Amino acid sequence: MVQNVDSLRMALRECPPDHSSQSSSLYNLATSLQERFQERGVLSDMDEAIDLHRAALALRPPGHSDRSQSLNNLAVSLGDRFKQRGNLSDLDEAIDLERAALALRPPGHSDQSQSLNNLAISLGDRFNQRGVLSDLDEAIDLERAALALHPPGHSDRSQSLNNLA
């Protein structure tokens, strides 16, 4: 369920620009708009979510504990916009951001499989657009790495198998 966007906007307005929770307020509103876009399909929600994710990322420099999360969610939003509008620059940027998020999620990180999967999906999308075999090869390698993190009995194993197939 999407959080109340109006309440999150109000919380952001009340937060001073230099306050330590500014990046969280931006991120929360962006995430809520992203979810609302996924439910309703209003393109302006997605565009605003991307702008807010960019602003939150700017406040989460290298070394910030939430940087990989911001990189990932901005990439997801750009990937969604690519699927709606077909702008390849959105897809290319999403791939760059997903690579950066994956670099911050080394082996043992709880979100590594998510990053592997997201990057693989985007590379697969780019292969479908441009036909560059190296994108497909890398996507397969990434999906295999994600599958290795989901041994038999893992709740996400069937999804990993499906993505690899």
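Start at Ser7: this residue is partly exposed, with a relative accessible area of 42%. Here buried means under 20% relative accessible area, exposed means over 50%, and partly exposed lies in between (1.4 Å probe, protein chains only). Before moving on, note that this is a predicted model, where local features need pLDDT of at least 70, side-chain atom pairs count only at pLDDT 80 or more, and totals for chains, interfaces and linings use all residues. Residues are numbered from 1 along each chain as its sequence is written, and side-chain values use heavy atoms, with hydrogens and water left out.

**Stop 1: Ser7**

Keep Ser7 selected. It lies in helix 1, residues 5–14. Helices (H or I, at least four residues) and strands (E, at least two) are DSSP runs, numbered from the N terminus.

**Stop 2: the whole chain**

Zoom out and show the cartoon. How many helices and strands are there in the chain? Count eight helices and zero strands. Read along the sequence, the pattern is α-α-α-α-α-α-α-α. The radius of gyration is 17 Å, close to the 15 Å that the globule rule gives for 165 residues, so the chain is as compact as a globular protein of that length. That radius is taken over C-alpha atoms, and the globule rule is 2.2 Å times the number of residues to the power 0.38.

Switch to a surface. The chain exposes about 8700 Å², and carbon and sulfur atoms supply 50% of that area. Accessible areas come from the Shrake-Rupley method with a 1.4 Å probe; for residues, only the protein chains shown count as cover. Of the 165 residues, 44% count as buried.

Colour by charge next. The mean positions of the 16 positive and 24 negative charges are 1 Å apart. Lys and Arg count as positive, Asp and Glu as negative; His and the chain ends are not counted. Each charge is placed at NZ of Lys, CZ of Arg, CG of Asp or CD of Glu.

**Stop 3: Ala75**

Select Ala75 in helix 4, residues 67–85. Buried or exposed? Ala75 is buried, at a relative accessible area of 1%. Show its surroundings: leaving out residues up to four places away in sequence, Ala75 touches Ala94, Leu97 and Glu98. Contact means heavy atoms within 4.5 Å.

**Stop 4: Asp135 and helix 7**

Jump to Asp135 in helix 7. At 5% relative accessibility, this residue counts as buried. Which side chain makes a polar contact with that of Asp135? Show Arg126: the two side chains meet at 2.8 Å. A polar contact is a pair of N or O atoms within 3.5 Å; within protein, one must be able to donate a hydrogen and the other to accept it, and residues adjacent in sequence count only if both atoms are side-chain atoms. Beyond neighbours within four places in sequence, Asp135 is in contact with Leu123, Arg126 and Phe127.

Stay in helix 7, residues 133–148, and pick Ile140. Ile140 is partly exposed, with a relative accessible area of 28%.

**Stop 5: Pro152**

Finish in the loop between helix 7 and helix 8 (157–164), where Pro152 lies. Pro152 is exposed, at 68% relative accessible area. Draw a distance to Ser115, 37 residues away along the chain: the C-alpha atoms are separated by 20 Å. Draw another to Ala75, 77 residues away in sequence: 29 Å, C-alpha to C-alpha.
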